[in-house]
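This briefing is meant for someone meeting the structure for the first time. Please look over the sequence and the model below before reading the notes that follow.

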Amino acid sequence: MASANFFLYLAVVHAAVAATAQAERLQCLDNPPDMSLRGEEAGVVVNDLPGGFRAYVTGAASSSHAIVLASDVFGFEAPLLRQIADNVSKAGYFVVVPDFFNGDYLRSVKNISEWIKIHSPVKAAKDAEPLFAALKKKGKSIGVGGYCWGGKFSVEMAKTNNDIKVVSISHPYIVTADDMKEVKHPIEILGAQYDSSTPPKLVYQFVNVLRKRAEELHMDLPADIIPVTLLPSKLLNKLLI
């Protein structure tokens, strides 16, 4: 099942990140991407996507399955993010990694509050509607994945967009239990044991909300990773087959 592959890729990537995280630290803010690590890339940057975004795109454009990956606060140029996109594309997906910040990535942790006000993931979800509509018009089933800032963006899409099929979020930033009350699609939540942004306690709040809404909840609790996958039976036919 294609959706299962999507979840698996995101879970494996998150496990690698969480394994290097240290307790009581803001992991993604304390470890910005090393742009010097960029190697060979399978995709290209395009500048004219619907909605006015530029993006890194990779994989066969003819694929009937599309994945939109939303970055953390450091933007779509991060080498590891592009490697993830390339790896996902190898499973048969057309992958789009938009530059939702128009090049204005977070430069200093000190001004993150002001930066978030300018680059609201809620507003970005609304601005991205033309992109998702265009993918649907091309007959593609759409999944969304997001890390940190991109996790909040992905949740907003899961709340408001009727065209997507499945969502996976990792280390989501400023996501609340109330957000989960409005999620309309199957969702996978990946949180690490030592995650000060989305600690296990908050993840379990998400779970409690989802339990009230879901007919079927699959949960696994390894030592360091808490993956939670919401797969209501009524929504199974909406997965990417």
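Two strands are said to pair if DSSP finds at least two bridges between them. With that term in hand, A55 can be described as standing opposite P98 in β4. The model is a predicted one, and its protein chain has 9 helices and 9 strands.

**The chain as a whole**

- Of the 241 residues that make up the protein chain, 51% count as buried.
- The accessible surface of the protein chain comes to about 11,200 Å², and carbon and sulfur atoms account for 53% of that area.
- When contacts in the protein chain between residues at least 6 apart in sequence are considered, 68% of them join residues at least 24 apart.

**Strand β2 and its partners**

- Strand β2, made of residues 55-58, is covered on both faces, with A55 and V57 buried on one side and Y56 and T58 buried on the other.
- Strand β1, which spans residues 44-46, runs antiparallel to β2 and is joined to it by 3 bridges, and within this pairing V44 has V57 of β2 as its bridge partner.
- Strand β4, which spans residues 94-98, also pairs with β2 in the antiparallel sense, over 4 bridges, and it is in β4 that P98 stands opposite A55.

**The largest nonpolar core**

- The largest nonpolar core holds 57 residues, and those that touch the most other members are F100, F132, W149, F153, M180 and I187.
- M180, one of these residues, is in contact with V155, I169, V175, I187, I189, F206, V209, L210 and R213 once its neighbours within four places in sequence are left aside.

**Two residues with positive phi**

- Most residues other than glycine have a negative phi.
- C148 is not a glycine, yet it has a positive phi of about 60°, and C148 lies in the loop between β5, residues 141-147, and α7, residues 149-160.
- Because its relative accessibility is 2%, and buried means under 20%, C148 counts as buried.
- H171, which is not a glycine either, has a positive phi of about 45°, and H171 lies in the loop between β6, residues 164-170, and α8, residues 177-180.
- The relative accessibility of H171 is 4%, so H171 counts as buried under that cut-off of 20%.

How values were computed: Residues numbered from 1 in each chain as written. Predicted model: local features only at pLDDT ≥ 70, side-chain atom pairs only at ≥ 80, totals over all residues. Heavy atoms only, no water. Buried < 20%, exposed > 50% of the residue type's maximum accessible area, 1.4 Å probe, protein only. Contact = heavy atoms within 4.5 Å. Areas by Shrake-Rupley, 256 points an atom, 1.4 Å probe, with all protein chains shown as cover. Core = buried A, V, L, I, M, F, W, Y, C linked by side-chain atoms within 4.5 Å.
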